[in-house]
Amino acid sequence: LSVLSESPTAPWKLLSVRVRCSPKTGESDHQLALNRKQMFDLHRIGDRCMIVEEAICRKKAENGGLKAREVVVPRPLRRLFEVTHAFALSLQMEILSSQAEALRRGAWGGSAVGSGKGARRDAPG
């Protein structure tokens, strides 16, 4: 992150976003790995959400629609956090879903879960 000038009203600028994720499903993980387009889109959306947050607060302050005591403070970093948090949760759910599917198919670890050699079988009661 950077600020484009030393002015108190200077907008924030998102320089880069790096997501470190190493999904493991026991199968080919290339479909879960983030590609450049996804990283670019996350960067673009993150940058845009900060710009929009600052513009909304600036417009509210200029319109004078606020009570005399209220001060509008833009929170672009909070908006950026909300966007990246939603992205991270979505990615985590996608990975967990793929892992659960791999377990269901028995593709994780080379054998079906709960069957085959070494599986525990309860004696009939």
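Which residues of α1 are buried?

**Figure 1. Overview of the protein chain in the predicted model.** The protein chain holds 2 helices and 2 strands, and its elements follow the order β-β-α-α from the N terminus. Of its 125 residues, 18% count as buried. The accessible surface amounts to about 9,900 Å², with 54% of that area belonging to carbon and sulfur atoms. Among contacts with a separation of 6 or more, 59% are between residues 24 or more positions apart.

**Figure 2. Helix α1 and its buried residues.** Helix α1 covers residues 36-63, 28 residues in total. From the first C-alpha to the last, α1 reaches 40 Å, close to the 40 Å expected at 1.5 Å a residue. The buried residues of the helix are M39, D41, L42, G46, D47, C49, M50, E53, E54 and C57. Their cover includes β2 (12-13) and α2 (76-105). An α-helix has 3.6 residues a turn, so residues three or four places apart point the same way.

**Figure 3. The start of helix α1, with N35 and K37.** Here a side-chain oxygen of N35 lies within 3.1 Å of the backbone nitrogen of K37.

Figure 4. Leaving aside residues up to four places away in sequence, D47 touches K13 and L14.

**Figure 5. The packing of α1 against α2.** Two packed helices are described by the angle between their axes and the distance between the axes. For α1 and α2, the axes come within 8 Å and cross at roughly 145°. The crossing in which α1 passes α2 is right-handed. On the α1 side, the residues that meet α2 are L42, I45, G46, C49, M50, E53 and E54. Their counterparts in α2 are P76, L77, R79, L80, V83, T84 and F87. Several of these α1 positions also belong to the buried set, including L42, G46, C49 and M50.

Figure 6. K59 is placed in helix α1. This residue counts as exposed because its relative accessibility is 55%, over the 50% limit for that class.

Key: Residues are numbered from 1 along each chain as its sequence is written. This is a predicted model: local features need pLDDT of at least 70, side-chain atom pairs count only at pLDDT 80 or more; totals for chains, interfaces and linings use all residues. Side-chain values use heavy atoms; hydrogens and water are left out. Helices (H or I, at least four residues) and strands (E, at least two) are DSSP runs, numbered from the N terminus. The expected span of a helix is 1.5 Å times one less than its number of residues. Buried means under 20% relative accessible area, exposed over 50%, partly exposed in between (1.4 Å probe, protein chains only). Contact means heavy atoms within 4.5 Å. A polar contact is a pair of N or O atoms within 3.5 Å; within protein, one must be able to donate a hydrogen and the other to accept it, and residues adjacent in sequence count only if both atoms are side-chain atoms. Accessible areas come from the Shrake-Rupley method with a 1.4 Å probe; for residues, only the protein chains shown count as cover. Axes are lines fitted to C-alpha atoms, for helices over the stretch in contact, and angles run from 0 to 180 degrees between N-to-C directions. A crossing is left-handed if the near helix is turned anticlockwise from the far one by less than a right angle, and right-handed if clockwise.
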